[in-house]
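Biologist: I'd like to learn how to read a model like this one, feature by feature. Could you take me through it?

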Amino acid sequence: MEIMGLEETDYMTESEARQEILDKVAEYCATYHNPKEYHTGDRIPYASRVYDHEEMVNLVDSALEFWLTSGRYTIEFEKLFAEYLGVKYCSLVNSGSSANLCAFMALTSPLLGDRQVKPGDEMITVAAGFPTTVTPAIQYGVVPVFVDVTIPQYNIDVTQLEEALTDKTKVVMAAHTLGNPFDLTAVKAFCDKHNLWLVEDNCDALGSKYTLGGREYYTGTVGDIGTSSFYPPHHMTMGEGGAVYTNDALLNKCIRSMRDWGRDCVCASGQDNLCGHRFDKQYGQLPLGYDHKYVYSHFGYNLKATDMQAAIGCAQIRKFPSFVERRKHNFDRLKTALIAAGVEDKLILPEACEGSDPSWFGFMMTCREGVDRNIVVPYIESKGVQTRMLFAGNLTKHPCFDQMRASGNGYRVIGDLANTDRIMRDTFWVGVYPGMTDEMIDDMARVIGEATRL
């Protein structure tokens, strides 16, 4: 008989048939998914997936199993990812935005007692970034307090933290911008001093390191909770996907509950009665013995990823250290080439935060006075080099803030956000993803240099 064109003898087992399919998949990927050879003038995207047959084989292996929801690959990925970061707990979710939602909502759990975040409390953050760092707070009724950022680090201005503080402040939540860690020494000290939660949005900085108190940490592991994204342009990918991680057992319990419908039970999908007390306890005002699998201790969500996504992630995480090294190489080569091209009188080039070792997501530049971004960027794009803005620029200027801006309620701003507004007007960035060759980097530097001489 034949299965999908594959000859199967009477003695072929299911595992043998599966292996034959997977061998064909590996052959297919090697034949038809090889990276295309780059030639000067070809489009240079700001980001792209970097993968080989291992990701595709894992994906098909999971599909053949047809478990679909979180399963053995999810368990394996969470273990590998936690080991890489050096944290105790990791929860896979369906996106980086969901990771931010899950992380913030965990802080609203009544299990946290006096430290529970409640509507009307405040969260210190920045407006120069991605909206889903801020959205969970707004949706829950917590007031975001926006401070400015610094140039050329593009991270939270720690000199404004004390001014932003009130007796309602409960959380600091900010991103490490494009892989560049923010000043964790100052932010962590501020949070410890005032008993505040610290959530690190690590979606653009996976693999970045920061030295604190003589010890080197991965970003995302210094605060109470860290988040990551596995969207295709990010440091590693599983198509969609994200992760929430912590070293705190209680926070992990809250995170897991929020991710899994808000349930009280900790059984994995397809698992029953792990605690041995499924039908003999009382919760809330439910009848004694109500099925613990359907007891809800939080208002949660279903934010789980599929096992097919996790299967891709298991292959990606094993390659990931090489991705980080290549990003660093590409960043350094581009910066060296731009300096040699004499662009520093036209563009402010990025600088790493003191004490950090960034895993760069992109290469950010700000046009100096007299240089028009609306001339520079279109020229760069016309030559096939893809550019991006720093996401929202100034989030408070967007239509989603129209009603709050008109009413004067719902958020606060410290100072005038001068650097944030400058980034909105004058800043852009290009990619340094690990699939870029030296030739691509050199061509980008040449094009950017040409753009500054217009």
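Modeller: Strands here are DSSP runs of E, at least two residues long, and helices are runs of H or I, at least four long, both numbered from the N terminus. In this case, 2 bridges join β12 to strand β14 (residues 362–367), and the two run antiparallel. Within that pair, L347 sits opposite C367 in β14.

Biologist: Before we go on, what sort of model is it?

Modeller: It's a predicted model, where local features need pLDDT of at least 70, side-chain atom pairs count only at pLDDT 80 or more, and totals for chains, interfaces and linings use all residues. Residues are numbered from 1 along each chain as its sequence is written, and side-chain values use heavy atoms, with hydrogens and water left out.

Biologist: Which sheet does β12 belong to, and in what order do the strands come?

Modeller: An open sheet of 3 strands, ordered β12-β14-β16, with antiparallel pairing. β12 (347–348) and β16 (427–431) are the edge strands, each pairing on one side only.

Biologist: And which strands make up the sheet of 8?

Modeller: That open sheet runs β3-β11-β10-β7-β6-β4-β5-β15, and its pairing is mixed. Its edges are β3 (89–93) and β15 (412–413). At the β3 end, 5 bridges join β3 to strand β11 (residues 242–246), again antiparallel, and L92 stands opposite A243.

Biologist: How do I read a helix lying on a sheet?

Modeller: Look for contact, meaning heavy atoms within 4.5 Å. Then take the angle: axes are lines fitted to C-alpha atoms, for helices over the stretch in contact, and angles run from 0 to 180 degrees between N-to-C directions. Helix α3 (residues 72–85) lies across β3, β10 (225–229) and β11, at about 130° to β3. Helix α8 (residues 249–259) lies across β3, β7 (197–201), β10 and β11, at about 15° to β3. On the 3-stranded sheet, helix α9 (residues 307–340) lies across β14 and β16, at about 30° to β14.

Biologist: What is the span of α9, and where is its kink?

Modeller: The expected span is 1.5 Å times one less than the number of residues. α9 has 34 residues and reaches 47 Å from first C-alpha to last, close to the expected 50 Å. For a bend, compare axes fitted to the seven residues ending at a position and the seven starting there. In α9, a kink of about 50° lies at K319, shortly before the proline P321. Just after α9, G342 takes a positive phi of about 75°.

Biologist: At what angle do α1 and α2 pack?

Modeller: Helix α1 (residues 14–32) and helix α2 (residues 53–65) pack at about 145°, with axes 9 Å apart.

How values were computed: Pairing = 2+ DSSP bridges.
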